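Dear colleague,

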Amino acid sequence: MPPRPSSKPKILIVLHQETSSPGRVGHMLLEEGFDLDIRRPPLGDSLPETLDLHAGAVVFGGPMSANDEDEFVRRETNWLNVPLRENRPFLGICLGAQMLANHLGGKVEGHGEGLVEIGWYPLKATEAGKELMPWPDMVYQFHREGFSLPRDATLLATAETYPNQAFRYGDNAWGIQFHGELTRLMMQRWVVRGAHRFELPGAQPGRDHLGGRLIWDMHLKRWLSEFLQLIFGKPTEG
């Protein structure tokens, strides 16, 4: 007999490299009772015309820019009209947040003085952010560009070098610049493969990435769990 289709609600997971993983976001969603529908648009995967069969979507980061002219970047950015139009829970992480900002009329660009955030950096919640939940004091970053705050969006968290770190748009669209999804193995892989970027202005050496994890990751992990519950809630069998 063929296996019965799962009745669990699915979260659409959008990744940008063959080896990319949803990491702790995937683990936490599975633990909550969701299934994952993983798509990789750069490798030719399509995106659904509606999220009627999904409980929400997460678009992750990647080494490309939200300003790139690649077909999949434009297609993904335009596709964000689907969760926005249908008012479905949506989370954009790093590149995903930058695509959301672009879609909403914001601007994605590098720091005026060429500074990057690669490593652990302080985060400060805004009053609107504090009303929602407690936020971590330090977060893990790996980016060379940031985004302006889209019109009618609410800023939830800020930082010194890139002031727009987390925002909410409408009821169900969220974007964060930093990374809470990395497992230890993922961070080790990023540190090895991204070592050439540690020479950029403002970046931290690789040893500080792993050392900072021992100090701050526990708080970031707890925040991520609460943040995902805030966005996606508890699944209902369908």
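**Strand β1 and its surroundings**

Ile11 has Leu36 in β2 as its bridge partner. Helix α1 packs on the sheet, where it touches β1, β2 and β4 (90-93); contact here means heavy atoms within 4.5 Å. The direction of α1 makes about 145 degrees with that of β2, with axes fitted as lines to C-alpha atoms, for helices over the stretch in contact, and angles running from 0 to 180 degrees between N-to-C directions.

This is a predicted model, in which local features need pLDDT of at least 70, side-chain atom pairs count only at pLDDT 80 or more, and totals for chains, interfaces and linings use all residues. Residues are numbered from 1 along each chain as its sequence is written, and side-chain values use heavy atoms, with hydrogens and water left out.

Strand β1 covers residues 10-14; strands are DSSP runs of E with at least two residues, and helices are runs of H or I with at least four, numbered from the N terminus. Of the 5 residues in β1, 4 are buried (under 20% relative accessible area, 1.4 Å probe, protein chains only).

β1 pairs in the parallel sense with β2 (residues 35-39) over 5 bridges, and likewise in the parallel sense with β3 (residues 54-59) over 5 bridges; pairing requires at least two DSSP bridges between two strands. Val14 stands opposite Arg39 in β2 and opposite Val59 in β3.

The open sheet has 8 strands in the order β2-β1-β3-β4-β12-β11-β10-β7, with mixed pairing. Its edge strands, β2 and β7 (124-125), each pair on one side only.

Terms used. Buried < 20%, exposed > 50% of the residue type's maximum accessible area, 1.4 Å probe, protein only.
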